[in-house]
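Subject: Structure handover and notes

Hi,

Here is the structure I promised to pass on. Please have it open while you read, as the notes below go through it piece by piece.

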Amino acid sequence: MDLGMCGKVAVVWGASAGRGKAAAVSWAREGAKGALCARHPGNLEAAARRIREASGAEVFSLPADVTDEKAVERFLGEA
């Protein structure tokens, strides 16, 4: 399926598990770069590593709680 994501950046909250991780995997396989965020650093890095290995995509990950505005600003600024 071509979602038109090739060369774009997909920002995914809650990317360490469930629907967020599934979305990140799908977009990475479509050629998007990933900017992934989740609250738990260990789970997030493991998910980012698996996505890189499965897709070869460039993946940036940073732990952040999206209920914290400053954390979201930091994540988006670094991504």
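A salt bridge here is a side-chain nitrogen of Lys or Arg within 4 Å of a carboxyl oxygen of Asp or Glu. By that rule, the structure holds three salt bridges.

Before the details, a word on the source. This is a predicted model, so local features need pLDDT of at least 70 and side-chain atom pairs count only at pLDDT 80 or more, while totals for chains, interfaces and linings use all residues. Residues are numbered from 1 along each chain as its sequence is written, and side-chain values use heavy atoms, with hydrogens and water left out.

Helices (H or I, at least four residues) and strands (E, at least two) are DSSP runs, numbered from the N terminus. Buried means under 20% relative accessible area, exposed means over 50%, and partly exposed is in between (1.4 Å probe, protein chains only).

**The salt bridges**

Lys33 pairs with Glu58, and their closest N and O atoms are 3.9 Å apart. Because Lys33 lies in strand β2 (residues 33-38) and Glu58 in the loop between α2 (41-55) and β3, this pair ties together parts that are 25 residues apart in sequence. Lys33 is partly exposed at 39% relative accessibility, whereas Glu58 is exposed at 54%.

Another salt bridge joins Glu45 to Arg52, with 3.2 Å between the closest N and O atoms. Glu45 counts as partly exposed, at 33% relative accessibility, and Arg52 is partly exposed too, at 30%.

Glu45 has a further partner: its side chain makes a polar contact of 3.1 Å with the side chain of Ser61. (A polar contact is a pair of N or O atoms within 3.5 Å; within protein, one must be able to donate a hydrogen and the other to accept it, and residues adjacent in sequence count only if both atoms are side-chain atoms.) Ser61 sits in strand β3 (residues 59-63) and counts as buried, with 17% relative accessibility.

There is also a salt bridge between the side chains of Glu78 and Arg74, at 3.1 Å from N to O. Both residues belong to helix α3, four residues apart, which is about one turn of the helix. Glu78 is partly exposed with a relative accessible area of 43%, and Arg74 is partly exposed at 47%.

**The surface patches**

Patches are made of residues with over 30% relative accessible area and no salt bridge; like charges are joined within 9 Å, and nonpolar side chains (Val, Leu, Ile, Met, Phe, Trp, Tyr) within 5 Å. Lys and Arg count as positive and Asp and Glu as negative, while His and the chain ends are not counted. The place of a charge is taken as NZ of Lys, CZ of Arg, CG of Asp or CD of Glu. Accessible areas come from the Shrake-Rupley method with a 1.4 Å probe, and for residues only the protein chains shown count as cover.

Which residues form the negative surface patch? They are Asp65, Asp68, Glu69 and Glu73. Of these, Glu69 is placed in helix α3 (residues 69-78) and is exposed, with a relative accessible area of 59%.

The nonpolar patch consists of Val9, Val11, Trp13, Val66 and Leu76, which together have about 430 Å² of accessible area. Strand β1 (residues 9-13) gives the most to this patch, with three residues. Leu76 lies in helix α3 and is partly exposed, at 45% relative accessibility.

**Some distances across the chain**

Ala10, in strand β1, is buried with a relative accessible area of 6%. From Ala10 to Val59 the C-alpha distance is 9.5 Å, although the two are 49 residues apart in sequence.

Ala28 belongs to helix α1 (residues 18-29) and is also buried, at 9% relative accessibility. Ala28 and Cys6 are 22 residues apart in sequence, with 8.6 Å between their C-alpha atoms.

Lys8 is in the segment before β1 and is partly exposed, at 47% relative accessibility.

Best wishes
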